[in-house]
Structure formats: structure tokens, C-alpha cells
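Have the sequence and the 3D view ready.

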Amino acid sequence: MNLICNVVGARPNFMKMAPVILEENRRGLHQITVHTGQHYDAQMSDVFFKTLGMPQPDYDLGVGSGSHAEQTARIMVGFEKICLDRKPALVVVGGDVNSTLACALVAAKLHIPVAHVESGLRSFDRSMPEEINRILTDCIAEVLFTTERSANENLLREGVASERIHFVGNSMIDSLRSHLDSAVADKPWQRFGLEPGRYGLVTLHRPSNVDAPEALAETALALDEISSEIPLLFPVHPRTRERIQHFQIDWKFVRLIPPLDYLEFLGLMARARLVLTDSGGIQEETTALGVSCITIRPNTERPITIETGTNHLCAAKRRDIVDAARSALTGIRARQALPRFWDGQASSRIVDSLENWLTDRLPTQPQEPAKSASTLKST
Ligand code: UD1
């Protein structure tokens, strides 16, 4: 039986890949999961396996942190050994983190086809490490799964053949829909003495926002000012915590707390009045939840969250952030429409395509000619 090798590495991968891995398991496909160990803290990694019900990874490369080159290189060396040993028929990577590109590159060089979950997104800003990872992964992927129409357009413009592009929707929203009810039932806001609909939630970790002392200081001043109107809770990413300490940035009113697990964060986000973030995934999750989101970035690779969702972009400037928050707090909050295929079934469509692709391209013994031909390319 053809072996599928799934790759996860950093926090945002877990929500995107968990439903795909669980669906492969449910269908009894022959699969293994490799965790690169790019994220390794209990709160950045282990807790996601538990809450998302993911099986423990078959391999953990334990690469940890480092410069981009060090981290990418360590992942490549470790992953190559697994590929040579297990000879997967297909490697499935997700998102845009260093683990995504590193494993895609290893597989492509070994002539192992790569499937990319969440392909085609473009911020058109090559100063973002994620943009480099996205472009290069899509260049070498054989099967490209997209979450929104703009991604299809980007890939076609870059010369990707249309039959390789599968518009399947957003598997991260599959995770959200599966866990939303229990996340809200837990009432995580009570733990922080907050009332539903009467607090804001903050996340910041992008190098452009947290590595420059001026940008981080401006944002801190803005958030403190907004806190006088609505309490703000800020689960701090380890890289941001380190930068805040290093630059000695003082927060007077915003409540800084350690990173939260998936369920706690989802429950808090679902009942927040406002979310301020620079994350990619949170722009999509707030759109799915119909919660106002201010994204502190000059661009987004997820334009659907602005066109039909609840997302607004904002520069990392004190006045801009405060004004954007005020208008979100006084405005009517209503999502216009849920993006197409953000319906909780994306992982099922992904695994349909993977099965069809494997049957089509890499027939196993014995073959089933009539059945496989009729189910090809359902997406
Ligand atoms: C990575 C992804 C980013 C994603 C983010 C989500 C890349 C290029 N970036 O950024 O796209 O949005 O994850 O969190 O892949 N650290 C810990 N413990 C951990 C992980 C990280 O302390 O478990 C600290 C280390 O100091 C590390 C720093 O965070 O050097 C940055 O981690 P890294 O994985 O390199 O990048 P992120 O900023 O997390």
C-alpha cells in the first residue's frame, strides 16, 4: 500500500493538518506523521496534539530553534533520512513555515511528489519569510490544495497547470468547527474575570512587528490606550516575550499571559468583541466566527478575509491602531458571507483528492480499473 507522509512542525500547522491526518486514519490509509520539532514548548506543540485528538507523531526530529538556515538545514537532514528509510509515495505539507519548505524540498529532490495544503496564498511581500516558503513550496509541489479563489488565480498566473490545483477550502476551519462548541462551553473568559463580548484579544509575533523596537513600542502604546476602553488579553508568543524583555517594553494595562491551548484560545476568540493580531490563521478564524479583526500588517495573503470577512489591515502606528479599534468597537459587527468551502469538509475533499491522485498516478496491486476511473478528480 502506498505510504503517505504527513509533516507538521509549528503551531499553525497543527490545526491545518490535524483534520487531514484524522481523515486519512478514518479511511484506513497507510500514513505516518513527522513532527519536525520547529515548535517544541508544551504550550506551543504538545497541547495541540492532545486537544486536536491527533495521534502522536511517528517521528519527532526535535530540531528546535535557530536561524532560518540552521533550522531549515536541520529539518532537511533529519527528514531526508526518514524519506530514504520509509520511501513514502507522497509527502503532505501544510502552510508556510520553515518546516513546510524544508520537507517539500527534501521530497522533491528525492523525486517524491509533494502535496501542499493551503497553497497559492501571496502577500506579494518577499520580506516575509513565509512568502518565500509559500512561493518555493508551490513551485515544487505536485498537488496544490487552495483555500480561496485568490490562491487559484495566483497559481495560474505563476504558470501552475490547472489540473494540479484543487480548490478544497480551509482545513483549519474544519478544526474550528469541530471544537467550537466545546471551546465556548468551557467559558474560558471566566478564568480571566472577563465577560463575553466585552474584551479584546491580542496576538503579535511577526518579525516586522516584534523585532523592531520602535514598532513594538508604538503598538504597546496603542494597545495600552485601547485598554482604557475595553480590557485586552494578550497571550504572548515566546519570541515576542523574549523581544519585550530585551527591549524593556512596559505594558501598563494590557494583560500579558503565557500562550494558550487551542480550545482556550478558540473559546476566547469566539466571544471577543475585537481581535488585534498579525497572525495569518487568526484572520481566517475571526472571519469564520464573524468577530472583528484588526490585522497589524501592511498586507495580507488572505484577501478573502477583507473582501467578505471581518478583517481590516492597519499600520503599526499608534494613531492608526487606536482609530481602527475605535471604529471596530463602535461599528456594527457582521460578517458578510462565509468564504466558499469553509464548511468543515475541506479535509474530506483533500483526502478524496489524495486517494484519487494515488490511485491515478501510483497504482497499487491489485488494481481496480473501473472504480478508480469513475472517481477521479472529484474536486
Ligand atoms: C513560526 C513561523 C510563522 C508562524 C509562527 C506561529 C516560520 C518562518 N515562521 O514563527 O509563520 O506564524 O511560527 O507561531 O516558520 N520558541 C520557543 N518555543 C517554541 C518555539 C519557538 O521558545 O516552541 C521561540 C524561540 O526563541 C525561537 C522563536 O520562538 O527562536 C521563533 O520560533 P520560530 O519557529 O523560528 O519562528 P516563529 O516566530 O514561531
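## Who sits around the ligand?

Which residues come nearest to the ligand? Of the 19 around it, they are Gln-38, His-39, Asn-98, Glu-130 and His-205; a residue counts as near if one of its heavy atoms lies within 4 Å. The shell holds six nonpolar, eight polar and five charged residues, with Asp, Glu, Lys and Arg counted as charged, Ala, Val, Leu, Ile, Met, Phe, Trp, Tyr, Cys and Pro as nonpolar, and the others, Gly among them, as polar.

Before going on: this is a predicted model, where local features need pLDDT of at least 70 and side-chain atom pairs pLDDT 80 or more, while totals for chains, interfaces and linings use all residues. Residues are numbered from 1 along each chain as its sequence is written, and side-chain values use heavy atoms, with hydrogens and water left out.

Now for the backbone. A backbone N or O atom of Tyr-40 lies 2.9 Å from a ligand oxygen, and a polar backbone atom of Asp-41 is also 2.9 Å from an oxygen atom of the ligand. For Asn-98, the distance from a backbone N or O atom to a ligand oxygen is 2.8 Å.

## An aromatic pair

Phe-48 and Tyr-262 make a tilted aromatic pair, with 6.5 Å between centres and 50° between planes (centres must lie within 6.5 Å; under 30 degrees is stacked, over 60 edge-to-face, the rest tilted).

Definitions and conventions
A polar contact is a pair of N or O atoms within 3.5 Å; within protein, one must be able to donate a hydrogen and the other to accept it, and residues adjacent in sequence count only if both atoms are side-chain atoms. Rings of Phe, Tyr and Trp (its six-membered ring) pair if their centres lie within 6.5 Å; planes under 30 degrees apart count as stacked, over 60 as edge-to-face and the rest as tilted.
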